[in-house]
Amino acid sequence: MFIKDIISLPRCYNSIMVTLKIPYDDHSLDLHIDEQNLRATIQLPVEQKPEKSARELMLAALRNPVGTPSLRNLAVDKQKVVIVTSDHTRAVPSKITLPILLSEIRAGNPQADITILIATGAHRATTEAEQRAMFGDEIVDHEHIVVNDAFRPEDFEYICNLPSGAHFSVNKLATECDLLIAEGFVEPHFFAGFSGGRKSILPGVCDIRTIKENHSYMQIASPYAAAGVTENNPVHRDMNFAARKVNLQFILNVTMNAQKEVTGAFAGDMILAHEQAIKHVQNVSTCERVVGDIVVTSNGGYPLDQNLYQSPKAVATAEACCRDGGVIIMCCGCRDGMGGDDFARLISMGTPQEIDDYLSKIPADQTIPQQ
Amino acid sequence: MQKIVKTLLNHKIILVTDGLSAEEVTKANMQLAKTPDEALRMAYDVVGADAGVVVIPDGVAVLV
């Protein structure tokens, strides 16, 4: 016993403490951890600056679209053209993309009647000030812009039911035009797999019932409704089906790094170009999975850690690296508190089992917005 | 939201924040810690001092 104790002593004295920085609000917190406990640190390597400017990347993508003719050729003889763009909650660099898309369309048909339709999904309307910040004064002052309003039934047309059985009604502007295109931003999305592509249509320009049914308990409960997963993902499948059904003919999507610099541009067919963008995101974001008993994570600091409602994104990543029965440590500034009355009410209404039972019984068309 | 509830069925979540009260965090089925170090000590109490720890500084930026 005595000898063993002596031998074990140096191990204790030699333990090396490592300090790791965890993003938190607008700064970071220090985590001190014994090297012997630290199984892995999972993070991206330091990012390289993009070699080409955003504009150069986009022009190159438009010159060589995947699976479609060029946008200017598609626009020939097309009178009514709708460009679906993202709303104020997404970081799409529309100030650069929109002028390029507008000039490509007008190169094909100088008389084209173009509408810019802002894909709000179920979010609040994008304000004019936000539009000016996103698009620039030139576009706001001279182009025709419409904001999708999911709560105004007369704006929508029922199209069909989707593969999951979900209802699909879309903004009439999307069905009554001669050419429908979309611009977007591709990043991991924690139940659609990835954002961008078909997501501009569903949920982007759909009515509230369609969005609720797409985000229903049954759909999101699927193990395939997860970040980075498109195969067998029921949410993704319905979104692709919907966008094809309304003939989304062309997309321009970008990928960005943490500094919001454009790292890639992808143009052409709504599925093929989106898949190219997804491959690019996978190549730069995929890290080897290591499983631990304890996983420490964050939502990357402000703005994504501004409330608890946003925290499930990083928690899902942590869960994938945490053994059953393990502990997840989530660092989240929560400067705006819980983030939403529905979320606060639901997460506090009982034990996890009771909440899950309650949510599982909510019919798809009555899905609670923050469920 | 329903995803984090599923996570809570199989895992304990310790929340490091100064934006919410201990009561709010407890009602939300999590435990509050003031610092990552305090959270780590609480976690060792649950799964043992020799636990293997994985750190993902930005859980939104990576795919695993």
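A residue is buried if 20 or more other C-beta atoms lie within 10 Å of its own, exposed if 12 or fewer, and partly exposed in between, with C-beta atoms placed from the backbone. This is a predicted model: local features need pLDDT of at least 70, side-chain atom pairs count only at pLDDT 80 or more, and totals for chains, interfaces and linings use all residues. Residues are numbered from 1 along each chain as its sequence is written, and chains are lettered from A and ligands numbered from 1 in the order in which they are written.

**Exercise 1.** Describe the make-up of chain B.

Step 1. Read along the sequence: the pattern is α-β-α-β-α-β.
Step 2. Check burial: 56% of the 64 residues in chain B are buried.

**Exercise 2.** Work out which part of chain B gives the most to the side that touches chain A.

Step 1. Take the contacts: 45 residues of chain B meet 79 of chain A (C-beta atoms, placed from the backbone, within 7 Å).
Step 2. Pick the top contributor: H1(B), with nine residues.

**Exercise 3.** Explain why helix H12 (residues 312–320) of chain A is largely enclosed.

Step 1. Eight of its nine residues are buried, so the rest of the structure largely encloses H12(A).
Step 2. Look at the cover of those buried residues: it includes S14 (292–298) and S15 (322–331) of chain A.

Key. Helices (H or I, at least four residues) and strands (E, at least two) are DSSP runs, numbered from the N terminus. Two residues are in contact if their C-beta atoms, placed from the backbone, lie within 7 Å.
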